[in-house]
Amino acid sequence: ERNLLLHGPWKWLVNEFASYYGVSDAYTKLRYLSYIMDVATPTADCLTLIHDLLSPVKSNTKHKLSHQENRILGEVEDQVQQILNVIFENYKSLDESLPSGMMSVFKAATGSPAPALVPAIKLYSLLHDILTPEIQLKFCGYFQAAAKKRSRRHQAETDELILSNNGSALMDPMTLSMSYQKMKFLISSIKNEIFTDIEIQKQNILPSFIDLPNLSAPIYSADLCSRLRAFLVSCPPPGPSRPVIELVIATADFQRDLSSSNIKPVKGGVEAKELFHSYITCWIEEKRHSLLDSCKLDKVKCSDIKTSQSTTPFIDDMYDQLTETLNEYEIIISRWPEFTIILENAVADVEKAIIKALERQYADVLAPLKDGLAPKIIGKYVQKFTKGTAVIYVVPDELGVLLNSMKRILFVLHPKIETKLKSWCPCTPPGGNAIPGERLSEITVMLRADFRNHIQAIVEKLAENTKVQTATKLKKIIQDSKETVVESDVRSRMQPLKDLLINTIENLHSVFEPHVFITVLRNFWDRMGQDVLHFMENRRENMSWYKGLRIAISVSLSSTSEHSDINLDPSDKHLNFVISIYSINRLFVSLGSLHVIESIAKLQVLDEIFAAQMQKLLGNALQEKDLEPPPSVIE
């Protein structure tokens, strides 16, 4: 079969017999071809010999052949066509090294054209007019049939995955992983088939009307898409696990590689996003429900740690899960950024649920901060101030854990999530009503508002503590001031309030971490300053006091102009204003009976208390801005 070429004495002998018996050259070649076709193989040497023997016969006009020669030619052409059909429909299964010229076992494409393909095309061109559309269409059909045949053989490797499960039974992780690995290997095999066709096309051995990659790729892609769809129905992906993500990536890469190789899109072909969209949205929704379920009161872990640095482990656990979720979807988002909006909405819902869960968990300690509370609720978080009925509010450890946790969420945990998601926003394609990052900004606003409101409520409770006893009421202390203000008297009257404030500050330091402690304390400091400021403003509104002050200012202005060499110009408003301020200062010094001096003295004592206690408790951890007077004190 592989030694059919006549040469040497054999060629001489045939020629001698043909000459002796008067047999034509055409008959000699046709008769020998008829014997060759009985044992012909789809190999380059056999096809070359057939072409060399048949070409001289076909080049003669048909009427020069005898009836017998025409009959033999017809039989030979039919046999040649059959072997050409085999070659073209199995052009990736040809093997010159085997006696039969054909692989007996299905193997992956080699990536280069078989040597028999070139003489086979020459033979086909000898038998047919390849310029006619009908012949061209028929020729393309052979390669399409080859693609369908090889596609089916590849898919046969995954038939068991479709038939054995049917989506009715849950797979164990090992079986699931192996199944998804097989599908990933199928994608790789199909990609190899298409890339082999691209390499064959680059060899320029095919007729110009043949675009082999665009002939075969639509068949491979459509079959692969159908198989992937059937597989996902039979073995639904439970979530973005490693085997599942690898299949998603392989599918997306397959689609991308076809596009980058100038393979035309085909209807029904592989569309990775369309295949996995419903599953990805389902995963996100299931994760959302799972995390929301973890925020239910009966599943929230409580903290037994009672230190100034303590936070509830619940928030770290939840945000670890959120971070892990974002990491799981990072590869998917890098392929399809439009899933960012869906993921952001889920994260925002979970973050909101985390805050609500914290407030439910610590509802008892938040309840006293609200108005209209029953005495039995307040009683748990107050302590006796005297042996009488007076009680003051004490910030409980649990409230410290809550605010410490909220501060950690606001300044550490939430920003990490926000930064991660917002890094994906620039890649998110426009469209729809949702704006990337909008939900996260809403969560930030909500966190800040809740944190601020809780601190404000605590400060109001602490301010109320100063009004429980007469000796600690700042307004009463100012009102009871004597005509002559002496610093020792001021400090003596302020001592009960000072003791209360020091105890309060130490309590705050014991339950809050430093940053929360500073925030609460500065708000409390500002609140105490507001009491003094309101008292001064109320005094100003007292017309008799104000009238006396105005007269005193006039006297002082006159005195000022008499005892200075400054010539006052009534039109110079700026100069008059400066002198007025100077005169008011002199007035405050001369009018010791005015409560303004007393109020300022009280503010000085308050500043000393708050600043000294912060320095004592925090030391070098303080920043210069932490010791600056708050707005109401400055005003």
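Glu338 is partly exposed, with a relative accessible area of 24% (buried means under 20%, exposed over 50% and partly exposed in between, with a 1.4 Å probe and protein chains only). The model is predicted, so that local features need pLDDT of at least 70 and side-chain atom pairs count only at pLDDT 80 or more, whereas totals for chains, interfaces and linings use all residues. Residues are numbered from 1 along each chain as its sequence is written, and side-chain values use heavy atoms, with hydrogens and water left out.

Glu338 forms a salt bridge with Lys273, with 2.6 Å between the closest N and O atoms (a salt bridge is a side-chain nitrogen of Lys or Arg within 4 Å of a carboxyl oxygen of Asp or Glu). This pair links distant parts of the chain, 65 residues apart: Glu338 is in the loop between helix H12 (313-335) and helix H13 (339-361), and Lys273 is in helix H11 (residues 272-294). Helices (H or I, at least four residues) are DSSP runs numbered from the N terminus. Lys273 is likewise partly exposed, at 31% relative accessibility.

The structure contains 30 salt bridges. In one of them, the side chains of Arg227 and Asp159 meet at 3.0 Å, N to O. Arg227 belongs to helix H9 (residues 212-234) and Asp159 to helix H7 (residues 159-165), so the pair ties together parts 68 residues apart in sequence. Both residues, Arg227 and Asp159, are buried.

Within helix H10 (residues 242-260), Arg242 and Glu246 lie four residues apart, about one turn of the helix. Their salt bridge has its closest N and O atoms 3.2 Å apart. Arg242 is exposed at 67% relative accessibility, while Glu246 is buried at 19%. A network of salt bridges links Lys191, Asp253, Arg256, Asp257 and Arg335.

How values were computed: Helix = DSSP H or I, 4+ residues; strand = E, 2+ residues; numbered from the N terminus.
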